[in-house]
Amino acid sequence: MTRHLSDLKMNYTAEQEFPDLSQHNNHMAKVLTLEMYANLRDKQTPSGFTVDDVIQTGVDNPGHPFIMTVGCVAGDEETYEVFKDLLDPVIEDRHGGYKPTDKHKTDLNPDNLQGGDDLDPNYVLSSRVRTGRSIRGFCLPPHCSRGERRAIEGLSVEALGALDGDLKGKYYALKDMTEEEQQQLIDDHFLFDKPVSPLLLASGMARDWPDARGIWHNDNKTFLVWVNEEDHLRVISMQKGGNMKEVFNRFCTGLTKIEELFKEKGHEFMWNEHLGYVLTCPSNLGTGLRGGVHVKLPNLSKHEKFGEILKRLRLQKRGTGGVDTAAVGGVFDISNADRLGFSEVELVQMVVDGVKLLVEMEKHLEAGQSIDDLMPEQK
Amino acid sequence: MASSFARVLSSKRKVGILSLVGAGSLTVGFFLNKEQRVNAGAHVRRIYPPSAEYPDLRKHNNCMASHLTPAVYAKLCDKTTPNGYTLDLAIQTGVDNPGHPFIKTVGMVAGDEESYEVFADIFNPVIKERHNGYDPCNMKHPTDLDSSKIRGGQFDEKYVLSSRVRTGRSIRGLSLPPACTRAERREVERVVIDALAGLKGDLTGKYYSLTLMTEQEQQQLIDDHFLFDKPVSPLLTCAGMARDWPDARGIWHNNEKTFLVWVNEEDHTRVISMEKGGNMRRVFERFCKGLQEVERLIQEKGWEFMWNERLGYILTCPSNLGTGLRAGVHVTLPRLSKDPRFPKILDNLRLQKRGTGGVDTAAVGNTFDISNLDRLGQSEVQLVQTVIDGVNYLIECEKKLERGQDIKIPAPISQFK
């Protein structure tokens with residue numbers, strides 16, 4: 001029988017193998033005890049992913065200055081089951097108390113969104129919704145082989161190629177694109193780079209770059225799919241201005257269509273009623289959805305209650321370069337803080353309602369008025 | 001029909017496609033042609049034919065890419081070492097790092113001693129290319145750490161600012177940095193520092209663990225230019241050598257700061273002997289004595305270094321096989337370095353130049369790092385003698401140019417002695 005490298009550690013005790021987490025501050029390090037490690041270390045998912053594989057990124061990256069990182073990844077769908085002793089408490093901690101027995105609701109019906117088509121474009125510069133999808137039966141980016149990754153690309157390109165109407169588009173494989181195509185994608189802010197974050201590199205997601213990675217977008221440049229970056233698929237709907245309703249419409253329509261196309265070929269997305277859509281990072285479970293806007297809040301952002309307001313609205317702020325960046329010129333990226341335990345519609349509704357209020361507050365402060373009676377309740 | 005079959009496939013995934021063959025459906029054949037699932041013990045993983053897994057090396061310029069044909073890949077891709085190390089793991093660094101247009105990197109590593117045997121079909125041609133024709137199939141590597149055989153070795157200190165000899169050693173029976181578990185790496189640390197603690201006389205020293213060192217200790221080590229950092233080079237990080245940093249990594253040095261050992265950086269150990277000035281003879285004497293002492297001490301505890309007569313000392317990177325030895329000086333050659341014959345002279349003397357920051361750096365002023373080109377196929381004594389004779393020749397050239405005399409390109413010295 002073939003020996004696997006992952007069996008090597010069984011020559012040593014759990015204590016001898018247990019990582020030194022004394023300098024660490026991530027979700028995994030908070031949860032992983034020696035006892036838990038001892039119980040999990042002889043287990044593997046059917047494709048051979050081990051607890052050491054799950055935690056490697058968290059061991060190698062003790063912490064982040066701005067955010068509490070997760071510190072673990074899944075190598076396949078079964079990771080969340082086989083290592084539930086570790087991942088359930090991580091998920092509970094990361095997703096606001098979500099319990100192992102909780103059920104997650106999926107709602108991709110854009111008609112259920114109220115309003116959202118009239119965010120003031122003088123303040124809201126752009127609107128965007130993104131999520132991820134994994135193809136059931138294939139290993140995830142930390143663990144997949146080159147053959148699997150190429151198969152994922154092949155299936156995805158085939159499905160996307162069948163989209164029509166305003167979703168009709170084209171695929172650009174990272175390794176085949178011309179200089180002109182590359183420049184255009186950079187100018188459109190579509191091109192993704194080889195990951196440089198050690199959080200991603202340490203989990204093995206950048207192996208074999210740029211093999212089987214690529215970008216698909218529709219001719220209108222409002223619907224974009226990343227293939228084999230941090231997840232099998234990242235799906236993004238975006239446009240300038242404040243018509244979040246239109247963005248969400250396209251998002252739902254596109255996703256539903258893509259799912260249908262996959263099913264026609266005998267494939268489905270990883271999903272279950274407890275965790276919703278299954279993705280590589282536990283932080284993206286559930287909806288995997290980040291819906292947000294770039295919005296000008298120069299006055300509000302300086303207000304002492306800004307942080308508290310965002311917290312109550314269940315929103316988070318980032319710089320306009322995305323996670324790990326700072327805001328430039330009073331323009332913030334405001335998006336939903338939650339991913340799991342709320343449906344897609346519910347999360348986008350929170351963004352729509354929340355941003356509307358933030359803009360109103362900004363206008364008040366501009367006019368020298370107080371915002372005290374605009375303060376929201378905790379959602 | 002097809003869609004309900006597909007649902008059956010998804011739900012019965014764990015059972016494996018092969019078990020559904022009995023259903024006699026034509027659709028199964030379609031899947032089996034493209035891929036199979038193999039139930040090997042606990043592992044159920046999509047298996048693709050080697051052609052579907054073969055890396056895309058068209059933009060690559062490293063030794064691995066030059067020799068890994070689809071046929072060689074297909075032959076080796078299902079093999080593993082007794083520890084379970086695979087070809088895909090060995091070549092990952094070369095796949096992830098296509099190479100530099102000017103420097104041809106090796107592009108693969110060993111995860112354990114057996115890697116060099118199990119994957120000999122790719123390692124051998126890589127070794128031959130990297131080591132200038134040394135053929136592991138029919139040549140033997142000589143090991144000689146008898147420093148008394150050295151002739152000369154005291155350089156003119158008007159030109160030579162410092163002298164240094166380094167090598168690496170691996171502990172037999174423990175996996176190498178790309179593959180080792182945390183416990184194995186800690187075991188390497190324990191075995192090595194246990195041995196180093198037994199060194200006496202001018203070799204008496206102290207170990208500084210990277211995880212435990214104080215701020216002051218860290219600053220002192222930086223000031224002494226001893227401290228090594230977590231690797232940032234993707235050549236190393238893609239091979240998995242930086243996992244669990246800084247666990248079980250550290251630096252040992254003697255009180256006189258002339259003998260230094262790195263633990264668990266790119267190899268189990270890197271051993272460095274160095275001094276200011278031009279006394280390469282003494283540097284090499286201490287180098288040999290220290291290495292032999294450490295070897296004796298680990299043998300007392302039942303351990304030994306990885307070594308065989310085909311490849312010499314076994315290290316992580318094929319470029320460091322044989323002696324793993326780089327002996328060099330920092331030498332000032334203001335006139336010679338500007339002479340257009342300089343590269344050819346170095347070449348014929350089998351020397352290489354680097355900047356004074358080491359590999360990948362440029363020279364500062366007129367001071368160069370000059371060291372031996374070869375690692376495998378000649379002994380330690382031979383290589384150090386080559387450096388001594390060669391650097392003396394360079395200094396002679398420099399002096400001649402100072403006096404307005406002409407210099408000669410020396411005849412190329414023979415490589416495998």
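So, helix 7 of chain A passes helix 10 of chain A in a right-handed crossing. Just keep in mind that this is a predicted model. Helix 7 of chain A covers residues 146-161 and helix 10 of chain A covers residues 244-264. They pack at an angle of about 120 degrees, with their axes 9 Å apart. That angle makes helix 7 of chain A oblique to helix 10 of chain A.

Who's touching whom? From helix 7 of chain A you've got A:Leu155, A:Ser156, A:Ala159 and A:Leu160, and they meet A:Ile258, A:Leu261 and A:Phe262 in helix 10 of chain A. Sort that contact by class and you get 6 nonpolar residues, 1 polar and no charged ones.

Okay, second pair. Helix 11 of chain A, residues 306-313, packs with helix 12 of chain A, residues 344-366. Here the axes sit 10 Å apart, and the angle is about 155 degrees. Over 145 counts as roughly antiparallel, so helix 11 of chain A and helix 12 of chain A are roughly antiparallel to each other. The crossing of helix 11 of chain A past helix 12 of chain A is right-handed.

On the helix 11 side of chain A, the contact is made by A:Ile309, A:Leu310 and A:Leu313. Helix 12 of chain A brings A:Met350, A:Gly354, A:Leu357, A:Leu358 and A:Met361. By class, this contact between helix 11 and helix 12 of chain A has 7 nonpolar residues, 1 polar and no charged.

Conventions:
Residues numbered from 1 in each chain as written. Chains lettered and ligands numbered in written order. Predicted model: local features only at pLDDT ≥ 70, side-chain atom pairs only at ≥ 80, totals over all residues. Heavy atoms only, no water. Axes fitted to C-alpha atoms, helices over the stretch in contact; angles between N-to-C directions. Helix = DSSP H or I, 4+ residues; strand = E, 2+ residues; numbered from the N terminus. Parallel < 35°, antiparallel > 145°, perpendicular 65-115°, else oblique. Left-handed = near helix turned anticlockwise from the far one by under 90°. Contact = heavy atoms within 4.5 Å. Nonpolar A, V, L, I, M, F, W, Y, C, P; charged D, E, K, R; others polar.
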